[in-house]
Amino acid sequence: MSNWYLQNGKNSDVVVSSRVRLNRNLNGFKFLNKCSKEEQQKILNTVKDIVPSLGYELKYISFDDLDDVTKVSLVEKHLISPEFAMNKENKKAILINNEENICIMLNEDEHIKLQVFGSGQELDNLMNLAVEIDEKLGEILEYSYSEKFGYLTTSPINLGTGMKASVIVHLPALTLTGNLPKIVRIINNFGMSVKGVYGEGTQNQGDLYQISNNQTLGISEKEIVANVKNITEKIIEQERIARKYLGKNQLELEDRVYRAFGELTCARKLSSEECRKLLSDVKLGTDLGIIKELDDSKIKQLELYTKSGNLQKYLGKTLDGYEREIKRAEVIKQIVKE
């Protein structure tokens with residue numbers, strides 16, 4: 001079976017993926033921003049020693065043992081944060097399984113960031129899995145915990161449950177109809193955050209946005225997941241209404257998505273930004289049944305293997321920027337023809 005990020009799940013036309021993250025710190029150690037390199041290494045050693053008893057086919061990998069392309073590929077899959085990848089100060093490691101639906105960051109800004117992932121709308125199952133792994137960890141390791149405040153964290157925004165539940169959503173129709181800013185304001189009013197997947201300063205998001213909870217204190221894990229799910233359901237509904245609206249002018253919609261498909265599949269070289277924009281329209285056309293030449297599986301492959309790090313992993317060689325633009329176009333043609 002292919003990895004979760006190459007699969008489609010519930011409501012995958014709008015919800016690309018789901019993630020549940022738990023922030024934890026170990027009792028007996030300072031918070032990471034106060035830790036020396038020696039203390040950071042002790043934290044890594046403490047976790048490394050218990051990995052065999054955890055199960056889930058988890059492997060301990062020191063960050064020093066990963067090459068730069070692999071680090072970029074993990075960021076592109078959203079398995080690790082860009083901050084974690086770029087931080088050269090901390091002693092770091094990850095615990096990851098073969099399917100890569102579990103990835104635990106050690107020494108990002110907290111000692112432990114336990115993350116589980118799934119394709120489509122999958123928050124309930126992910127919460128259950130995260131809690132299950134967390135309980136196993138908690139039986140072996142002693143967490144920093146307060147009866148009053150819950151799990152203690154470096155950042156006050158993670159206090160309490162320490163849980164962040166999030167979904168990545170594809171919202172091309174809300175963008176095209178100009179309704180996205182209004183939707184974002186409504187989401188923010190419900191105590192959620194919405195941000196572009198590729199960073200706030202990035203001009204082309206590929207119409208991909210991450211929705212997550214802000215509140216972690218004074219609220220249960222189930223309530224957090226229920227709140228994010230409720231907002232996500234409303235987003236799905238609004239995006240589908242916007243798609244129907246665009247469909248009233250079928251010729252214009254077909255022209256848009258097929259122009260994107262033509263450029264994507266005929267270009268001799270493509271930058272990652274160009275590709276991201278074109279793929280957004282092509283995914284929309286495929287999800288609406290307009291583009292018959294592609295299916296969900298090929299869309300997933302195109303989305304992953306056109307990203308710089310994973311393109312190089314796919315081809316098995318390191319490429320400079322110009323070479324990547326040429327090879328990206330070649331890989332697209334290869335995937336489409338398969």
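Let's start with a pair of helices: the axes of helix H4 (residues 123–140) and helix H7 (residues 221–247) come within 10 Å and cross at roughly 155°. That angle is over 145°, the cut-off for this class, so H4 is roughly antiparallel to H7. Please keep in mind that this is a predicted model.

H4 passes H7 in a right-handed crossing. On the H4 side, Leu 123, Asp 124 and Met 127 take part, and they meet Glu 221, Lys 222, Val 225, Val 228 and Lys 229 of H7. Sorted by class, this contact has four nonpolar and four charged residues, with no polar ones.

H4 has another helix partner, helix H1 (residues 37–54), and here the axes come within 11 Å and cross at roughly 125°. H1 and H4 are therefore oblique to each other. Their crossing is right-handed. Which residues meet here? Ile 50, Ser 53 and Leu 54 in H1 meet Lys 136, Leu 137 and Ile 140 in H4. Four residues of this contact are nonpolar, one is polar and one is charged.

| Helix pair | Axes come within | Crossing angle |
|---|---|---|
| H4 and H7 | 10 Å | roughly 155° |
| H1 and H4 | 11 Å | roughly 125° |

Now for the sheet. It is open and has eight strands in the order E2-E3-E4-E5-E1-E8-E10-E9, with antiparallel pairing. Which strands stand at the edges? They are strand E2 (59–62) and strand E9 (192–196); each has a single partner strand, so one side of each is left without a neighbour in the sheet. On average, neighbouring strands are turned by 20° against each other, direction ignored.

Finally, take a look at helix H10 (residues 296–305). Is this helix mostly covered or mostly open? It is mostly covered, with seven of its 10 residues buried. The buried residues are Lys 298, Ile 299, Lys 300, Gln 301, Leu 302, Leu 304 and Tyr 305. Their cover includes two strands of the sheet, E1 (15–24) and E5 (112–119), along with helix H9 (272–287), helix H11 (308–315) and helix H12 (321–337).

Key: Residues numbered from 1 in each chain as written. Predicted model: local features only at pLDDT ≥ 70, side-chain atom pairs only at ≥ 80, totals over all residues. Heavy atoms only, no water. Axes fitted to C-alpha atoms, helices over the stretch in contact; angles between N-to-C directions. Helix = DSSP H or I, 4+ residues; strand = E, 2+ residues; numbered from the N terminus. Parallel < 35°, antiparallel > 145°, perpendicular 65-115°, else oblique. Left-handed = near helix turned anticlockwise from the far one by under 90°. Contact = heavy atoms within 4.5 Å. Nonpolar A, V, L, I, M, F, W, Y, C, P; charged D, E, K, R; others polar. Buried < 20%, exposed > 50% of the residue type's maximum accessible area, 1.4 Å probe, protein only. Pairing = 2+ DSSP bridges.
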